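Have the sequence and the 3D view ready.

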Amino acid sequence: MLRKILTRLCGSASQGIRAEDLTVRDERIRALELKVDYLVYELSRVTSIQRYLAGDSIHHMPIKSYTRDSFDFQWRDMPDGNWIENVPEIKEREPKLVCRYSGLPREWFAGKQVLDAGCGSGRFSWSMASMGATVTAIDQSEAGVANTQTACAEFGDKVEVIQHNLLAPLPIDKQFDLVWSFGVLHHTGDTYRAFRHVARHVKPGGLIFLMIYGEPRPDHPGDFYYYAEVE
């Protein structure tokens, strides 16, 4: 990608440039590509080590409290928090997304036990309950829990909502046909610990679905654009 950008910038001036000058230009572009690749990989390694070393303490640091506060704000004050009133089209859209992401047909959910680990505002909890599942929804956000309870009230006791931090063992003694966690574990500060806590609740022969942020791919500029926009 760097080569394409630099070549495009230099392209209009390429006519009339001597062959040896073009060779020098290409060598410099290649050197820059290698340096950028090295820095990306090195940053990945350093970040992995940092996450490992900080795993036991990072959830007490300001950066994680800011994350928790931002989600509380999102579920409490933004329109998608109270989606049941503000974004009613989710009822039509989200069950289809659950089926597409999980690869499971709609009829699979009837009678199944599902854990929604990090339910947020409850859009996926509602979706799976609407397809016939009995859902246990967990989130650490008080506002998220309240919105999930409101959104799923129509299902009565088929949806149980619990306020809990996934970095602690889950306060439930049951296993599930499906453990679902969409866009959550990487926000905890200790992804692997949170994963262990939810994964142990998959029953033998059951399924687990996780959506976890990946690192931006060097050959996909859109990844960098997305993460920069999120930050």
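Here is a short tour of ring pairs and then of the cores.

This is a predicted model, in which local features need pLDDT of at least 70 and side-chain atom pairs count only at pLDDT 80 or more, while totals for chains, interfaces and linings use all residues. Residues are numbered from 1 along each chain as its sequence is written, and side-chain values use heavy atoms, leaving out hydrogens and water.

**Ring pairs**

Searching the whole structure gives 14 aromatic pairs. Rings of Phe, Tyr and Trp (its six-membered ring) pair if their centres lie within 6.5 Å; planes under 30 degrees apart count as stacked, over 60 as edge-to-face and the rest as tilted. Two stacked pairs share Phe182:

| Pair | Centre to centre | Angle between planes |
|---|---|---|
| Tyr101 and Phe182 | 5.4 Å | 25 degrees |
| Trp180 and Phe182 | 6.2 Å | 15 degrees |

Tyr101 sits in helix H5 (residues 90-102) and Phe182 in strand E4 (residues 176-182), 81 residues apart. Helices (H or I, at least four residues) and strands (E, at least two) are DSSP runs, numbered from the N terminus. Ring pairs also join Phe124 and Phe209 with Tyr101, Trp180 and Phe182 in a cluster.

**The cores**

Is Trp180 buried or exposed? Its relative accessible area is 0%, so Trp180 is buried (under 20%; exposed is over 50%, partly exposed in between, with a 1.4 Å probe and protein chains only). Trp180 is also among the residues with the most contacts inside the largest nonpolar core, which has 28 residues. Such a core is a set of buried Ala, Val, Leu, Ile, Met, Phe, Trp, Tyr and Cys residues joined through side-chain atoms within 4.5 Å. Helix H6 (123-130) gives the largest share, four residues.
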